[in-house]
Amino acid sequence: MPYNMAENGNHPLPEMEFLKRRVEYLEQTTQWHSYAMDVLASMTAIFGDSARNRDTSSILKNAHECIDRILDFQQTGYYIVDDESSFNLVYAPSQEDKTSIEAEVEVFIRNGMFSWAINQNHPVCLPSRDRQSTIILHVISTRTRIRGMFAGRLGEERVGTTESALKLLSIVLFNTAYALESAALYALMEQQQRTLKKITERQSKELVHQYSHDLLTNLPNRILFVDRLEQSIGRRASRDAHLAVILLDLDNFKRVNDSLGHKSGDLLIKQLGEDL
């Protein structure tokens with residue numbers, strides 16, 4: 001510990017100012033570590049709530065709330081890769097953040113630093129355009145797929161802006177990547193379930209229709225006729241009403257089949273069904 005020597009002896013005198021600053025630093029550091037533990041304890045919030053609110057914006061908003069507690073970024077932005085492998089800024093806390101981060105990232109894209117940062121699995125610290133701040137880029141990726149890129153502007157170093165804080169940033173962003181992948185898989189499963197439901201409903205309707213209709217004429221068949229007839233008889237019996245059933249016969253149909261073929265006979269039946 002630094003100390004001053006007394007003028008009239010060799011007894012060390014503690015530097016009170018140094019001790020005061022040291023205590024303040026330790027208190028601030030302890031407070032930050034407490035925040036860090038809270039972030040780790042609440043990491044599951046990134047994956048969505050009990051209502052399965054797993055859209056991209058919600059995931060990135062939850063991730064930003066975690067990151068905001070461990071690093072004092074002036075501006076932040078979150079890029080997501082689309083189906084054409086293009087990076088799009090889809091979430092920023094404010095329009096000012098969005099405009100500022102886009103301008104900084106555009107420079108990194110032109111000079112190749114953005115592409116280089118994609119292949120790094122740790123925070124990449126780069127000078128801003130005005131050299132007055134530092135831009136941190138960190139890829140948002142799982143072990144198998146790149147999901148996006150985080151960009152944040154960091155001012156002068158403060159408590160918590162340490163190697164431990166940057167490692168915690170990596171943990172949050174890796175969990176964000178897995179949350180995005182989980183949400184994408186969940187959305188795909190939901191889409192497949194909706195498609196399967198539509199196919200099942202359509203096939204069920206087709207089966208019911210085929211069961212109760214003639215395949216050739218698409219008219220109600222004997223099964224449906226008997227069912228409707230029984231219903232009609234039941235309704236009319238209670239009202240003392242009458243019901244008539246007309247039977248039609250197609251004369252010389254066998255001669256059409258024998259002379260012109262079954263295909264012509266089928267066409268004749270279909271035409272008769274349309275006329276009826």
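The following conversation goes through a predicted model of a protein chain.

User: What should I know before reading any values?
Analyst: This is a predicted model, in which local features need pLDDT of at least 70, side-chain atom pairs count only at pLDDT 80 or more, and totals for chains, interfaces and linings use all residues. Residues are numbered from 1 along each chain as its sequence is written, and side-chain values use heavy atoms, with hydrogens and water left out.

User: How many helices and strands does the protein chain have?
Analyst: The secondary structure comes to 8 helices and 7 strands. Helices (H or I, at least four residues) and strands (E, at least two) are DSSP runs, numbered from the N terminus.

User: And what share of the residues is buried?
Analyst: Buried residues make up 29% of the 276 residues in the chain. Buried means under 20% relative accessible area, exposed means over 50%, and partly exposed is in between (1.4 Å probe, protein chains only).

User: What about the contacts in the protein chain?
Analyst: Of the contacts between residues at least 6 apart in sequence, 53% join residues at least 24 apart. Contact means heavy atoms within 4.5 Å.

User: Moving to helix pairs, how do the axes of α2 and α5 cross?
Analyst: The axes of α2 and helix α5 (residues 163-212) come within 10 Å and cross at roughly 170°. Axes are lines fitted to C-alpha atoms, for helices over the stretch in contact, and angles run from 0 to 180 degrees between N-to-C directions. The two helices α2 and α5 are therefore roughly antiparallel to each other. For the angle classes, under 35 degrees counts as roughly parallel, over 145 as roughly antiparallel, 65 to 115 as roughly perpendicular and the rest as oblique.

User: Which residues in α2 and α5 meet?
Analyst: From α2, the residues are T56, I59, L60, A63, C66, I67 and I70, and they meet A165, L168, L169, V172, L173, T176, A179, L180 and A183 in α5. The residues of this contact divide into 14 nonpolar, 2 polar and no charged. Here Ala, Val, Leu, Ile, Met, Phe, Trp, Tyr, Cys and Pro count as nonpolar, Asp, Glu, Lys and Arg as charged, and the others, Gly among them, as polar.

User: What does H64 touch?
Analyst: H64 touches T76, Y78, Y91 and P93, not counting residues up to four places away in sequence. The place of H64 is in helix α2 (residues 56-70), and H64 counts as buried because its relative accessibility is 13%.

User: Next, S141: which residues is S141 in contact with?
Analyst: Leaving aside neighbours within four places in sequence, S141 is in contact with N121, I146, R147, F174 and A177. S141 and A177 are 36 residues apart in sequence, yet 5.1 Å apart in space, C-alpha to C-alpha. S141 belongs to strand β6 (residues 134-141) and is buried, with a relative accessible area of 7%.

User: Back to helices, how do α7 and α8 cross?
Analyst: The axes of helix α7 (residues 253-260) and helix α8 (residues 262-275) come within 6 Å and cross at roughly 140°. That makes α7 oblique to α8. The residues of their contact divide into 5 nonpolar, 4 polar and no charged.

User: Is N218 buried, exposed or partly exposed, and what about N252?
Analyst: N218 counts as partly exposed at 46% relative accessibility, while N252 counts as exposed at 51%. N218 lies in the loop between α5 and α6, and N252 in the loop between α6 and α7. Neither is a glycine, but N218 has a positive phi of about 65° and N252 has a positive phi of about 60°.
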